[in-house]
Amino acid sequence: MLLFNRKLKAIRKFKSGPVALALCLGLGLALSGCQVRPLYSGTTMSGQTLSADLSSIEIVPAKSRLEQELRNNLIFAFNGGAEQGIPAYRLDMKVTSSTSDLDIESGTGLAKTSRTRLTVTYQLIRLADKEVATTGSSFFTASFAQSTQRYANERALLDAENRVAEQVANDIHLRLSAFFAAGT
């Protein structure tokens with residue numbers, strides 16, 4: 001107990017007076033060198049607005065319905081429905097999807113619950129010099145219930161695929177926004 005009281009007195013002595021003022025000033029000076037910028041600030045590191053940088057991304061054409069859903073979500077996220085600007089970047093994507101059954105009903109052997117998973121690996125290529133500006137990958141999984149009706153099962157699968165495409169597009173949009181804001 002005596003040792004604890006000595007340490008407490010030393011701490012109280014340290015916090016008072018010019019030592020505390022010097023500590024606060026030193027901490028303030030150390031933190032002033034940080035380069036923290038808001039993601040959706042007025043301009044990015046390239047000097048343009050974030051929306052101008054994002055609208056300059058050309059997205060490769062889709063090869064399947066799920067890729068088209070992903071592409072449509074990305075186009076809307078980048079341009080907001082407006083006309084695309086002059087492309088300065090190209091977004092190449094490798095899309096893989098899978099569907100699996102989670103729960104099998106006893107007696108009938110039919111699936112009660114299934115899930116679909118979408119994984120996208122992308123490269124953002126600068127068109128001026130054909131160099132890869134950034135790469136990344138994103139994935140999302142959505143579950144859906146199965147029934148004895150074929151149409152209901154197909155519709156549930158389509159809805160789950162639309163959900164995973166939207167979530168992956170949101171993730172890629174956020175990652176590319178951070179890339180343009182940071183300029184790295």
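Helices (H or I, at least four residues) and strands (E, at least two) are DSSP runs, numbered from the N terminus. This is a predicted model, in which local features need pLDDT of at least 70 and side-chain atom pairs count only at pLDDT 80 or more, while totals for chains, interfaces and linings use all residues. Residues are numbered from 1 along each chain as its sequence is written, and side-chain values use heavy atoms, with hydrogens and water left out.

**Exercise 1.** State how many helices and strands the chain has, and give their order.

Solution. Step 1: the chain contains five helices and four strands. Step 2: read from the N terminus, the order is α-α-α-β-α-β-β-β-α.

**Exercise 2.** Determine which residues form salt bridges with R65.

Solution. Step 1: a salt bridge requires a side-chain nitrogen of Lys or Arg within 4 Å of a carboxyl oxygen of Asp or Glu. Step 2: R65 pairs with E69, the closest N and O atoms being 3.9 Å apart. Both residues belong to helix α4 (residues 65-79) and are four residues apart, about one turn of the helix. Step 3: R65 also pairs with E161, here at 2.9 Å between the closest N and O atoms. This pair links distant parts of the chain, since R65 lies in helix α4 and E161 in helix α5 (residues 150-182), 96 residues apart.

**Exercise 3.** Classify E161 and R65 as buried, partly exposed or exposed.

Solution. Step 1: buried means under 20% relative accessible area, exposed over 50%, and partly exposed in between (1.4 Å probe, protein chains only). Step 2: E161, at 14%, is buried. Step 3: R65, at 36%, is partly exposed.
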